[in-house]
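Subject: Structure handover and findings

Dear colleague,

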Protein chains: 2
Amino acid sequence: MIIDTLIDKIKQTENPTVVGLDPRLDYIPDFIKQKVYEKFGKTLSGVMEAFWQFNKAIIDATYDLIPAVKPQIAMYEQYGADGIACYIKTIAYAKEMGLIVIGDVKRSDIASTAEAYSNGHIGKVDVEENSFEIYREDFITLNPYLGWDSIEPYIENCKSYEKGIFVLVKTSNPNSGQLQDLNIDGIKLYERVGQLTEEWGTTLRGKYNYSSVGAVVGATHSKQAQDLRKKLPHTFFLVPGYGAQGGTAEDLAVCFDKNGIGAIVNSSRGIIAAYKNKKYAKDFSEQNFAQASRQAVIDMRDDLNRVR
Amino acid sequence: MIIDTLIDKIKQTENPTVVGLDPRLDYIPDFIKQKVYEKFGKTLSGVMEAFWQFNKAIIDATYDLIPAVKPQIAMYEQYGADGIACYIKTIAYAKEMGLIVIGDVKRSDIASTAEAYSNGHIGKVDVEENSFEIYREDFITLNPYLGWDSIEPYIENCKSYEKGIFVLVKTSNPNSGQLQDLNIDGIKLYERVGQLTEEWGTTLRGKYNYSSVGAVVGATHSKQAQDLRKKLPHTFFLVPGYGAQGGTAEDLAVCFDKNGIGAIVNSSRGIIAAYKNKKYAKDFSEQNFAQASRQAVIDMRDDLNRVR
């Protein structure tokens with residue numbers, strides 16, 4: 001059960017942090033950009049080579065301290081086929097280094113379309129008698145607006161290939177309440193989605209009593225997260241919104257259960273672009289950007305462990 | 001305004017049909033598969049060459065009869081970078097042949113992530129001083145569960161580059177009501193999403209008084225569609241669910257306004273795999289699969305025009 005593997009990795013590293021591999025051109029150190037531009041020109045394949053070198057350096061500098069990484073596919077997809085190749089290469093390398101990979105894809109579709117996403121991302125794709133694993137994420141994120149029809153096609157692959165999903169329940173953006181906080185028969189929409197997520201995960205519970213069907217619950221909505229933690233005892237939380245988005249360790253402490261498990265917290269910019277933060281810039285040069293990320297991981301780990 | 005161009009194309013072709021380019025390996029005629037397997041092997045690039053030849057033949061056989069095509073990205077994305085390259089190549093060819101392209105991507109993300117999707121799909125991506133158009137869809141579909149934060153980053157590109165979006169309001173799947181039909185303060189969730197979609201499109205209304213911010217409304221939910229048509233006078237509908245999913249022309253007639261505009265109806269399998277349907281198999285051999293698709297387009301056009 002992949003949720004058990006994730007929790008075991010969190011215990012082993014004593015670190016409930018997932019590093020968001022969401023590179024942007026302005027996060028990439030100039031010395032990397034100059035080198036790839038010389039070779040590839042200022043092209044899509046040039047940027048993707050830069051992203052790859054950047055991601056690899058950050059994985060190499062942090063893999064022993066963290067349980068997981070979460071690449072955000074949009075940051076790669078925007079560059080077309082080269083981008084998708086870089087996303088896939090990054091996932092393969094993270095797995096080679098022993099990390100769990102959460103693909104932040106937020107897909108939402110039904111029937112044969114959802115099956116296509118499911119097979120591509122967490123299952124296998126057949127070409128006649130040949131079978132291919134394409135993206136190889138361990139978990140992916142999914143949007144629930146289309147209901148069970150848009151979740152079910154993933155459950156079978158979760159069972160067959162030891163994979164998991166995180167359903168968007170209460171997202172971290174300021175405006176997430178526009179739909180998610182609407183009142184439906186005495187509860188909020190996100191609470192109903194939370195209940196459904198708990199139900200959808202019934203058949204995928206592991207040794208810690210958490211399911212491989214988890215929920216995305218933003219650190220920026222502390223009261224709601226506290227309530228969800230109580231009501232969804234078998235649902236593991238993927239928590240965005242720490243750091244750059246404004247969520248603090250105190251805000252998200254409520255996402256952990258009494259044993260200090262039950263959640264993994266994402267930080268993207270705060271870790272991968274740490275060398276640009278004045279807190280780290282004084283000790284780490286641009287050349288040592290990955291070491292700045294390592295220090296940011298250590299600081300985040302200690303910050304989270306203070307409250308869980 | 002892209003919505004005007006779409007409506008003009010519908011008027012010119014007298015056909016409110018969009019052909020869903022959602023190829024599957026079992027739709028591809030054997031003679032195409034054999035040829036590509038000989039050259040590329042039973043590989044991902046082989047399948048994508050087969051998809052491309054299949055799509056090109058269908059576009060060539062139907063482009064003069066239809067206003068638009070709607071490739072479903074999942075069917076390509078599942079094959080990785082080769083798949084994305086084929087999706088992009090298909091879009092480029094459809095546009096070269098004068099068709100409007102609706103990318104069925106159903107993305108849902110916020111802030112810089114939504115910007116990345118928006119720039120990649122309907123805007124431009126910068127690499128230093130170089131600027132690239134990557135996917136080049138005219139419209140894309142979006143999932144609203146994350147609220148305005150997940151829509152706003154697309155509106156600017158809609159204005160700058162004459163693009164549009166279709167927001168998922170009431171989807172065609174049997175189980176769409178699980179969330180979409182929940183009661184919120186006297187109305188259903190999908191009605192609220194419909195109201196928001198109408199508001200979000202205010203600044204993008206064209207000469208027909210429809211907005212380039214449209215809505216996805218399933219043909220399989222006729223009563224709801226009728227009600228939405230009345231309440232959302234400026235919102236153009238993209239209507240899935242005709243044919244294979246069970247929606248009839250009579251069911252979806254309510255999506256058109258009193259002038260017979262206001263909606264475009266998708267058919268995927270019913271058109272692109274027409275040669276496999278016994279209705280067409282007697283007149284068209286597998287070799288003539290694209291001509292079967294042409295006949296299916298004519299039949300669908302006449303069926304829709306009967307009711308609008």
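What follows is an account of the sheets, the helix packing and a few individual residues, taken chain by chain.

Please bear in mind from the outset that this is a predicted model, and that every value below was computed from it.

**The barrel of chain A**

In chain A, eight strands form a closed barrel in the order 1-2-3-6-7-10-11-12, and their pairing is parallel. From one strand to the next the twist averages 30°. Strand 1 (residues 17–21) of chain A is paired with strand 12 (residues 263–267) of chain A through three bridges in the parallel sense, and within that pairing A:Val19 stands opposite A:Ser267.

Helix 1 (residues 2–13) of chain A lies across several strands of that chain, namely strand 2 (68–71), strand 3 (100–107), strand 6, strand 7 and strand 12, and it runs at about 125° to strand 3 of chain A.

**The barrel of chain B**

For chain B, the strands that close into a barrel are eight in number, they follow the order 1-2-3-6-7-10-11-12, and the pairing is parallel. Neighbouring strands of this sheet are turned against each other by 30° on average, with direction ignored. Strand 10 (residues 211–217) of chain B and strand 11 (residues 235–239) of chain B run parallel and are joined by three bridges, and B:Ser211 in this pairing stands opposite B:Thr235.

**Helix packing in chain B**

Two helix pairs are described here. In one of them, the axes of helix 3 (residues 44–62) of chain B and helix 14 (residues 289–307) of chain B come within 8 Å and cross at roughly 45°, and these two helices are therefore oblique to each other. Their crossing is right-handed. On the side of helix 3 of chain B the contact involves B:Phe54, B:Ala57, B:Ile58, B:Ala61 and B:Thr62, which meet residues of helix 14 of chain B including B:Phe289, B:Arg294 and B:Val297.

In the other pair, helix 6 (residues 111–122) of chain B and helix 7 (residues 152–161) of chain B have axes that come within 8 Å and cross at roughly 25°, which makes them roughly parallel. This crossing, too, is right-handed. Among the residues of helix 6 of chain B that take part are B:Ala111, B:Tyr117 and B:Ile122, while helix 7 of chain B contributes B:Pro153, B:Tyr154, B:Asn157, B:Cys158 and B:Tyr161.

**Individual residues in chain B**

The phi of B:Lys106 is near 45°, a positive value in a residue that is not glycine; B:Lys106 lies in strand 3 (residues 100–107) of chain B and, at 8% relative accessibility, counts as buried. B:Arg136 likewise has a positive phi, of about 70°, although it is not a glycine; B:Arg136 is placed in the loop between strand 5 (130–132) and strand 6 (139–142) of chain B and, at 32% relative accessibility, counts as partly exposed.

Lastly, B:Lys124 is found in the loop between helix 6 and strand 4 (125–127) of chain B, and its 33% relative accessibility makes it count as partly exposed. Setting aside neighbours within four places in sequence, B:Lys124 is in contact with B:Asn119, B:Ser131, B:Phe132, B:Glu133 and B:Tyr161. Its C-alpha atom is separated by 34 Å from that of B:Leu189, a residue 65 places away along the chain.

With kind regards

Key
Residues are numbered from 1 along each chain as its sequence is written. Chains are lettered from A and ligands numbered from 1 in the order in which they are written. This is a predicted model: local features need pLDDT of at least 70, side-chain atom pairs count only at pLDDT 80 or more; totals for chains, interfaces and linings use all residues. Side-chain values use heavy atoms; hydrogens and water are left out. Axes are lines fitted to C-alpha atoms, for helices over the stretch in contact, and angles run from 0 to 180 degrees between N-to-C directions. Helices (H or I, at least four residues) and strands (E, at least two) are DSSP runs, numbered from the N terminus. Angles under 35 degrees count as roughly parallel, over 145 as roughly antiparallel, 65 to 115 as roughly perpendicular and the rest as oblique. A crossing is left-handed if the near helix is turned anticlockwise from the far one by less than a right angle, and right-handed if clockwise. Contact means heavy atoms within 4.5 Å. Buried means under 20% relative accessible area, exposed over 50%, partly exposed in between (1.4 Å probe, protein chains only). Two strands pair if DSSP finds at least two bridges between them.
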